[in-house]
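Please keep the sequence and the structure in view while reading.

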Amino acid sequence: MNITSSEEIKVTTGDSRKRNLVVYGLTFLLWPAILASCILATSFGIKTEHAALYFNITYVCLALTIFTLERFLPHERKWLKNDGQMPADLAHTLLTKGSIQVLVVVGVTVGIAEAVASKGGGLWPTHWPMVLQAALGLLIAESGMYAAHRIAHEWGPLWRFHAVHHSASRLWFFNTGRFHVVDTVTSVLLSQPLLFLTGAPTEVFIWVTSITGFIGMLTHCNIEMRFGPLNYVFNTPAVHRWHHSRNPAEGNNNYGENLMFYDVLFKTFYCPKRRPPTNIGIDGPMPSNFFGQIVQPFRRDQTTHSINHVRADGE
Ligand SMILES: [Zn+2]
Ligand SMILES: [Zn+2]
């Protein structure tokens, strides 16, 4: 039998075209489907009053899902290669997560949270549907996170700390938590009190924290996905890859943690049609080990990050 007959080639070509079309369609559905699953699990956790347990289980499942998809559908194949930064990434993640826990515990113990919440309690629209309350909570928290992130890029003393995050030479789910602890504490201190001041109820805090966790891990993932108009609303991986560009004119944009609202508003949104750069990182010294990275912001030799914004249509 002639296995390379034109009939068979046609069938094979047709099959692979269909398969490519299915994969192409899937790349549009992946991000919203994954985020929706995480949100569904969180709402189930809140209903059963085991929000923390459900969040942790969902977070681990999300990490495993992303890890698997990164192997089968990588955005950038060279980012799958080990860069020797896993121990440092893990140590930064544990230290920053730990410090956030301490901040929350101290806040609750001292009673600041309750005191401020009771004062501002009358302001919060508790009669709104929870989905709108959560959206409002995200928008309020985002203003602080946007400001903290933008200051970290535009003010030299804070850039020293934020440079640790930008020194990553590849983007994948594992370096989501690669932040200098001072960088994280600054961001939390600038964003969380705003929500306290408005008197938002605990459930809104749970939603804001959970969604920030889910979107945060998805943002760094090395999966080939497409987002269309979602890029203008959420901090998608496509938008965040531009933020990690070595070129300050490109990288000093897209400061949103979850939403792109303030980037669009203040004209720091940047997402041109071409493929984002894969040679990412900083042009300056950064030790390869965790302790060196913790100390680096206090040293004399530093990388600089000139302030220069380009517009989304500035191609
Ligand atoms: Zn940044
Ligand atoms: Zn990042």
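**How H5 and H8 meet**

In this predicted model, helix H5 passes helix H8 in a right-handed crossing. The points below begin with that crossing, then turn to the core and to the chain as a whole.

- Helix H5, which covers residues 130-154, packs against helix H8, residues 202-219, at an angle of about 60°, and the axes of the two helices are 9 Å apart.
- On the H5 side the contact is made by Met130, Gln133, Ala134, Gly137, Leu138 and Ala141, while H8 contributes Glu203, Val204, Trp207, Val208 and Ile211.
- Leaving aside residues up to four places away in sequence, Val208 touches Gly137, Leu138, Ala141 and Leu195.

**The largest nonpolar core**

- The largest nonpolar core has 55 residues, and those with the most contacts inside it are Val208, Phe214, Met217, Leu218 and Cys221.
- At least two residues of this core come from each of H1 (6-47), H2 (51-72), H5, H6 (156-166), H8 and H9 (237-243).
- Helix H8 supplies the largest share of the core, namely 10 residues.

**The chain as a whole**

- The chain contains 12 helices and 0 strands.
- Of its 315 residues, 35% count as buried.
- When contacts between residues at least 6 apart in sequence are considered, 73% of them join residues at least 24 apart.

How values were computed:
Residues are numbered from 1 along each chain as its sequence is written. Chains are lettered from A and ligands numbered from 1 in the order in which they are written. This is a predicted model: local features need pLDDT of at least 70, side-chain atom pairs count only at pLDDT 80 or more; totals for chains, interfaces and linings use all residues. Axes are lines fitted to C-alpha atoms, for helices over the stretch in contact, and angles run from 0 to 180 degrees between N-to-C directions. Helices (H or I, at least four residues) and strands (E, at least two) are DSSP runs, numbered from the N terminus. A crossing is left-handed if the near helix is turned anticlockwise from the far one by less than a right angle, and right-handed if clockwise. Two residues are in contact if their C-beta atoms, placed from the backbone, lie within 7 Å. A residue is buried if 20 or more other C-beta atoms lie within 10 Å of its own, exposed if 12 or fewer, and partly exposed in between; C-beta atoms are placed from the backbone. A nonpolar core is a set of buried Ala, Val, Leu, Ile, Met, Phe, Trp, Tyr and Cys residues joined through C-beta atoms within 7 Å.
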